[in-house]
Amino acid sequence: MERNQVLIPQAELARQREFEEKIRRMFEGREAHPVACVDTFGCQQNVADGQKLMGMLRECGFTFTSEAGEADLVILNTCAIREHAEQRVFGNLGALTHSKRENPEQVICLCGCMAQEERVSRRVKESYRHVDLVFGPQALWKFPELLWQVYETKKRVFSVDDEHGTIAEGIPVVRERGVKAWVSIMYGCNNFCSYCIVPYVRGRERSRDPECVLREVRELVEAGYKDITLLGQNVNSYGNDLHIGYDFSDLLSDIDKIPGDYLIRFMSSHPKDATYKLFDTMARCPHVAKQLHLPVQSGNDRVLREMNRRYTREQYLDLVRYAKEKMPGLVLTSDIIIGFPGETEEEAMDTVSLVEEVGYDALFTFIYSPRPGTKAAAMPDPAPRSEKQKWFDKLCQAQNAISASLHAAYIGKTLRVLVDGRSDDGDYPLAGRTEGNRLVRLKGDEDLMGQFINVKITDSNTWALYGQAE
């Protein structure tokens, strides 16, 4: 697509600000103070989208609550990656019939990736009559207009057309208070992994202008954010659609030039597009965390082909070897799917052997969940769930042993840690993250919150490090 088809004109965005003002005046006329509940499911990209929704709602005059029963507007911002998340959403939608009954004026909205799926929007239209507004990721930028239509017409509004993806700069954002922030640098996906619904619901890849990204990161650093994560379905594809000879490594290099005490992370990073140049850039740039999330999904070449991942086990291992050579002490994590359709026990054990060979610091592991509309959902899948569970348990057993060993090696060392929250452990009341994004529970005073400090590591387990502020 041409860039003029992707970028939303400023005049259209200004028009959305007019709808925000209409909604604000409507509630002022009613002498009401509207309250919204925004419940976000899924990935960090959804979190970033949720912050934009809250930004637009704030401009409409809303304040916020975490209790649906207290809200004039309830938004479920959804994820379509796994079946479990989908069932949770439908369960929550069903439960909202009670709050709607108690407050008939309450507006209920379903948005995000699930909403963009035709089968989901049809089910909501037919079976969840209390839902007033449904829209997908492509329509997020015009949320104020859609919400106004609900208020003005008193009718249900659906905006789930199969339209191409866009980029809208300048949408207001409400960020969580603290030291962490998310910055979307691109949207959509061109990869069409056979198990994944994302390309169908988020559209094709489109990159934000580098200057817009740099401006946003600079503003975040100046505002005191210290841990900033760059987001994209495949950040390694950043810039391909800009046609200016500028790639993700170049963006990292330019961000690194912004002065300040902060760390830059990124996800997700597709192995097929990861390059030596990227790892060289990470190694060279002091603001870029020496942490890499590089999803492998499987350690078997046949399964990787069926997944349409477009790399081999050996190609993946070559990337890992080079990254570790350039960045000693690199913290490496990954995603893995066990029980892909047609996978055998031997092939699943190839994945376990890859995990043992790489020595990941941590994994995000899943038993395959079919997503309607994807190629994998139509593949024969003879292995029973009980058998897949056994393979999964072996994978987790192997990774837990590796994680425990790697964490134990930190005992006695002093690490630089960003204190970013409170712990649920009474003996270690504070929580923080190392440069490698390892969780640290620590002893120290509350005034350490939001600071980089040195922590002496005194203990560990499979999932966390424990220490004392020095």
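Predicted model: local features only at pLDDT ≥ 70, side-chain atom pairs only at ≥ 80, totals over all residues.
Residues are numbered from 1 along each chain as its sequence is written, and side-chain values rest on heavy atoms, with hydrogens and water left out.

Aromatic pairs number 11 in the structure, a pair being two rings of Phe, Tyr or Trp (its six-membered ring) with centres within 6.5 Å, classed as stacked if the planes are under 30 degrees apart, edge-to-face if over 60 and tilted otherwise. The pair of F27 and Y151 is edge-to-face because the ring planes stand at 90 degrees, with the centres 5.7 Å apart. This pair links distant parts of the chain, as F27 belongs to helix α2 (residues 10–29) and Y151 to helix α7 (residues 143–153), 124 residues apart; helices (H or I, at least four residues) and strands (E, at least two) are DSSP runs numbered from the N terminus. Both F27 and Y151 are buried, that is, under 20% relative accessible area with a 1.4 Å probe and protein chains only. Together with F62, these two residues form one aromatic cluster.

Two rings also carry a charge over the face, defined by NZ of Lys or CZ of Arg within 6 Å of the ring centre and within 35 degrees of the ring normal. R123 is placed over F90 at 3.7 Å from the ring centre, and K125 over F158 at 4.6 Å.

Strand β18 (residues 452–460) runs antiparallel to strand β15 (residues 414–425), to which five bridges join it; pairing requires at least two DSSP bridges between strands. Within this pairing, R416 has N454 of β18 as its bridge partner. Strand β18 also pairs with β19 (residues 465–469), again in the antiparallel sense and over five bridges, and here D459 is partnered by Y466 of β19. A hairpin of four residues connects β18 to β19.

One cavity of 30 Å³ or more was found, a cavity being a set of points on a 1 Å grid over the protein atoms alone where a 1.4 Å probe fits but cannot get out. The largest cavity holds about 190 Å³, a volume being the space filled by probe spheres set on points joined across faces, edges and corners. Its lining comprises 13 residues, of which K52, P137, L140, T166 and Y187 are the closest to the centre; lining residues have an atom within 4 Å of a point. The lining divides into seven nonpolar, two polar and four charged residues.

Conventions:
Buried < 20%, exposed > 50% of the residue type's maximum accessible area, 1.4 Å probe, protein only. 1 Å grid on protein atoms, 1.4 Å probe; cavity = no way out; pocket = protein on both sides within 12 Å on 5 of 7 lines; lining within 4 Å. Nonpolar A, V, L, I, M, F, W, Y, C, P; charged D, E, K, R; others polar.
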